[in-house]
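Me: I have a structure open and want to go through it piece by piece. Can you take my questions as they come?

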Amino acid sequence: MERRCAGAQTLMLRFVIRRLLSTIPMVLVVVSLTWGLIRLAPGSFYTGEKALPPAIEKNLRAKYGLDKPWYVQYAKMISNTARLDFGSSLKYEGQSVNTILMRAFPVSAMVGLLAYALSLLVGITSGLFAAVRHNSKWDYSSMTLSMLGISVPTFVLGPILVLFFSLSLYWFPPARWDGIATRSAVLPVLTLSVIYMAYIARLTRSGMLEVLRSDYIRTARAKGLSETAIVLKHAFRGGIIPVVSLTGPALAGLITGTVVVERIFVLPGLGTYFLNANLNRDEPLILGIVAFISITILVCNLLVDVAYAFIDPRIRY
Amino acid sequence: MRRLVRNRVAVFGMVVVSIIALAAIIGPALIFRATGYTYDYIPADPDLVKSFAPSWMHPMGTDNEGRDMLARVLLGGRISLMVGIISTIVSLVIGTAWGATAGYAGGKLDELMMRIVDILFAIPYMMVVIVLLALFGRHTAMGQLVLLFIALGAVSWLTMARIVRGQVISLKNQEFILAARATGVPKWKIILRHLVPNTLGPVIVYATLEVPAVMLLEAFLSFLGLGVQAPLASWGSLASEGIQNIAVFPWQLIFPGVTMALTLFSLNFIGDGLRDALDPQMKKS
Amino acid sequence: MNLLSVRNLRTYFDTDGGVVKAVDDVSFDIEPGKTLGIVGESGSGKSVTNLSIMRLIPSPPGRIVSGEVLFGGKDLLKLPTDEIRKVRGKRIGMIFQDPMSSLNPFMRISRQLMEVTELHMGHSSKQAREHAVNMLQLVGIPDAGARIDSYPHEFSGGMRQRVMIAMALSCRPELLIADEPTTALDVTIQAQILELIKKIKSEIRTSVILITHDLGVVAGMADAIIVMYAGKVFERASAGDLFERPANPYTKGLLMSVPDPLRESKARGELYQIPGLPPDPANLPPGCPFAPRCDKAADICRREFPPMVQVAPGHESLCHFAKEVYAEAAHLHS
């Protein structure tokens, strides 16, 4: 038996390493694509209202290496990216991109993670109850609520919450960031989590209902197990798989969600910086954030796939 | 079809969506006839160039420039719905073509095509879309709109391709396809006439659920200032304007927001109802 | 003294197409230590009957309308839920048709076996594990001590069915219900599983209900047989009597459908099949449900529901012409 487990573990390790290695070319592809877009776009970062005198423009271009042929610039950018050296921001004078990343990422990450954790907690619990009390009032009301959760856009929910909790009840500040463990974090996290709560509740419910129809649940009943034991010990593992599947795409959604939430609540996170970088054509910052997020997403997808293997013993990589 | 009609919530959804769509299509014209207001009509009288609360004259109030909110919300509806539907159609066409070809061809071509899909799947789409929209096309409102169609259509075709391919593969070896091949029907005809109609079920369900999802994406982008530009409006851009003054003139955000929520709500119910109706396993008592 | 008595059981299903009377007035008895075979085509109601005994019918859309299931002096249909749970797995064990889908793919075999005895016999995990290994050895799983921690997909089909049998018999139940235990298996494995059931039955001394559509399967196994069609019992007899002297046209048809190389070579290789298809259970014709397919059908069969006729002690048949059919069969053999 131990021989078999060790074999499976090496397979898993090889799988993880293979995936990590393939992350590198993927990230480079995304970064190249973004770089291409930036360079193809009309205008450049230093264009303002009026055209600059040619001499100054020439100096600027030389300073930023823009006078060299495009493939030279491209090669330089790729080699820098591979070394995770993104240079300094064009807009925020003197600040290296990496410093900005280190400062902004924790804000977004914590809001996102907390929001997702909250949505898992509430979503799975209510989905379980809805499945077990199928076709009851509880089921219908929680499904309707979750439908609302999916339909009310984040940028509508956020301000409404602000209107109610901040401007009427004075419980939370409307647009400030003091840190993750403070009251100012409550509304952003809540706003971001609602839509995921809704999706997770629905997926849990449908996943559980599907599993509860299967033959092996019938066997478990035939053995005389109680309903609670059946739901929690037998059905849960299979029923939760759709939720695990959700995590991949959910991450992508969390990114857009975070950008919006940061706008509403004025949080100094990656989303805000990304948006501004785009509006300012701050190329190093744009590329740095794109690379960073790509890596994060790919790593998280890998973690999800690994989690699959733990949940479903039939999966072998 | 029977089952769908029996699902009362879905019917309710269809009614609501029809009302809103109808309002969006002919509403602005009616309002113009009745009151002379359009979505970009700024009153000449400077005293009227500010935000009024809802009243008989302006059932949804006015915005900061004195423009009638109802007209703007209806226009927003037009644009948002249009974006949702057209983008979904774009992704439907691309996804179906891709998936059907890959599924039917099988072998190396299938592998290659799906490999590409896998790689594209890993790209953080929204980031690229944000970059795209921020850098290009903010010069003309129409240009931005076209860009939106393309960008949003490109976001969802991947899943559509996967669904279609899955369906095609399971249908491929069924008897009526073998019969068609045996009688020498050319491949493209098989794909078009036999396979596509039979994959319609899941595709329609997915498309119906995709429309509200795409509308939400467009709204997000417009909210960030990257989507629909002034003087055009979509619900997202209206919300973006409205949020500035949420404390004093909450109706600027509430009306477009609630209307949008209602529309998405109804669309989602329709999609759900469709899915339940087409699901062979559901047996209600 | 009967171990189990089913009396006038009716289980109906509410569907979009109408009410399906899956089990319509079925009665039978089992004595301790005997094997009862329940034979019928798909849709005859045989599986639903047995699920009803343990109240495992999914409750919408199914419902047990009326009847009694007397087991050990109590009516199982009237027991409160926690009481019936004490019967399930402990005094009545059940095995199902498809062992792959009937075992939890996410759980180790050890856990699935152990939870039965931990629940019903109060075993500690150590005791439960030992007991489980013993059961696996009893059903013929080689290297049981090592393989017990495997997952179901790591076993072959025949092995999985053995595991299911071990699981069902863990608490030495008085009754084992085997619902088409061999249908999903290869022919060679079928024989092995049936032998195993026979062997275990004599060792543990449980009664067995064997459900199948295959007469060949019951031939070597059953003491008594009931034949079901369209939710009703069509014939009831001891195994020997049923095979030698069937008293019902349906039973005769079934017997003739079993491929018999000897007979075929004589009749130049034509396989017999009962003409027609089983009826739509939501729209049963008035009169005898088998009438549309029966070669003996007369007008009375199409008009009136047939009576249950006793043609010999312990041998009953649901047919207007039961005695004639019985007599013919005797004639054939003499």
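Me: Are α10(A) and α11(A) roughly parallel or roughly perpendicular to each other?
Reply: This is a predicted model, so take what follows as computed from it. α10(A) and α11(A) are roughly perpendicular, since an angle between 65 and 115 degrees counts as such. The angle between helix α10 (residues 241-265) and helix α11 (residues 270-280) of chain A is about 90°.

Me: How far apart are the axes of those two, α10(A) and α11(A)?
Reply: The axes of α10(A) and α11(A) are 8 Å apart.

Me: Which residues meet there, between α10(A) and α11(A)?
Reply: α10(A) brings T258(A), V259(A), E262(A) and R263(A). From α11(A) come G271(A), T272(A), F274(A) and L275(A). By class, the contact of α10(A) with α11(A) holds 3 nonpolar, 3 polar and 2 charged residues.

Me: Zooming out, how many helices and strands does chain A have?
Reply: Chain A has 12 helices and 0 strands. Its C-alpha atoms fill a box of roughly 85 × 60 × 30 Å along the principal axes.

Me: And what share of chain A is buried?
Reply: In chain A, 40% of the 317 residues count as buried. For contacts in chain A between residues at least 6 apart in sequence, 75% join residues at least 24 apart.

Me: Chain B next. How many helices and strands are in chain B?
Reply: Chain B has 10 helices and 0 strands. Of its 285 residues, 46% are buried. Among contacts in chain B between residues at least 6 apart in sequence, 69% are between residues at least 24 apart.

Me: Is helix α9 (residues 235-244) of chain B mostly covered or mostly open?
Reply: Mostly covered: 8 of the 10 residues of α9(B) are buried. These are W235(B), G236(B), S237(B), L238(B), A239(B), S240(B), G242(B) and I243(B).

Me: How many residues do chain B and chain A each put into their contact?
Reply: Chain B puts in 31 residues and chain A 35. On the side of chain B that touches chain A, α5 (125-135), α8 (187-223), α9 and α10 (251-278) of chain B each supply at least two residues. The most comes from α5(B), with 9 residues.

Me: What classes are the residues on that side of chain B that touches chain A?
Reply: They divide into 29 nonpolar, 2 polar and no charged.

Me: Now the contact of chain A with chain C. How many residues from each?
Reply: That contact takes 18 residues from chain A and 23 residues from chain C. On the chain A side, the elements giving two or more residues are α8 (215-222) and α9 (227-239) of chain A. α8(A) has the largest share of that side, 6 residues.

Me: And the classes on the side of chain A that touches chain C?
Reply: There are 5 nonpolar, 6 polar and 7 charged residues on the side of chain A that touches chain C.

Me: Switching to chain C. Which residues are buried in α8(C)?
Reply: I193(C), L194(C), I197(C) and I200(C) are buried in α8(C). They are on the same side of α8(C), because they cover an arc of only 130° around the axis.

Me: Why would residues spaced like that point the same way?
Reply: An α-helix has 3.6 residues a turn, so residues three or four places apart point the same way.

Me: What is on the other side of α8(C), and what do the buried ones pack against?
Reply: T188(C), S202(C) and E203(C) are exposed on the other side of α8(C). The buried residues of α8(C) pack against α5 (125-138), α7 (157-169), β7 (175-179), β8 (207-212) and α9 (215-219) of chain C.

Me: What span should the 19 residues of α8(C) have?
Reply: At 1.5 Å a residue, helix α8 (residues 187-205) of chain C should span 27 Å, and its end C-alpha atoms are 26 Å apart, which agrees.

Me: Last topic, backbone angles. What is phi of R205(C)?
Reply: R205(C) has a positive phi of about 60° although it is not a glycine. R205(C) is in helix α8 of chain C. With 11 other C-beta atoms within 10 Å, R205(C) is exposed.

Me: And what about phi of D143(C)?
Reply: Phi of D143(C) is near 60°, also a positive value in a residue other than glycine. D143(C) lies in the loop between α5 and α6 (144-147) of chain C. D143(C) counts as exposed because it has 9 C-beta neighbours inside 10 Å, and 12 or fewer is the cut-off for exposed.

Terms used: Residues numbered from 1 in each chain as written. Chains lettered and ligands numbered in written order. Predicted model: local features only at pLDDT ≥ 70, side-chain atom pairs only at ≥ 80, totals over all residues. Helix = DSSP H or I, 4+ residues; strand = E, 2+ residues; numbered from the N terminus. Buried ≥ 20, exposed ≤ 12 C-beta atoms within 10 Å, placed from the backbone. Contact = placed C-beta atoms within 7 Å. Expected span 1.5 Å × (residues − 1). Arc of directions from axis to C-beta. Nonpolar A, V, L, I, M, F, W, Y, C, P; charged D, E, K, R; others polar. Axes fitted to C-alpha atoms, helices over the stretch in contact; angles between N-to-C directions. Parallel < 35°, antiparallel > 145°, perpendicular 65-115°, else oblique.
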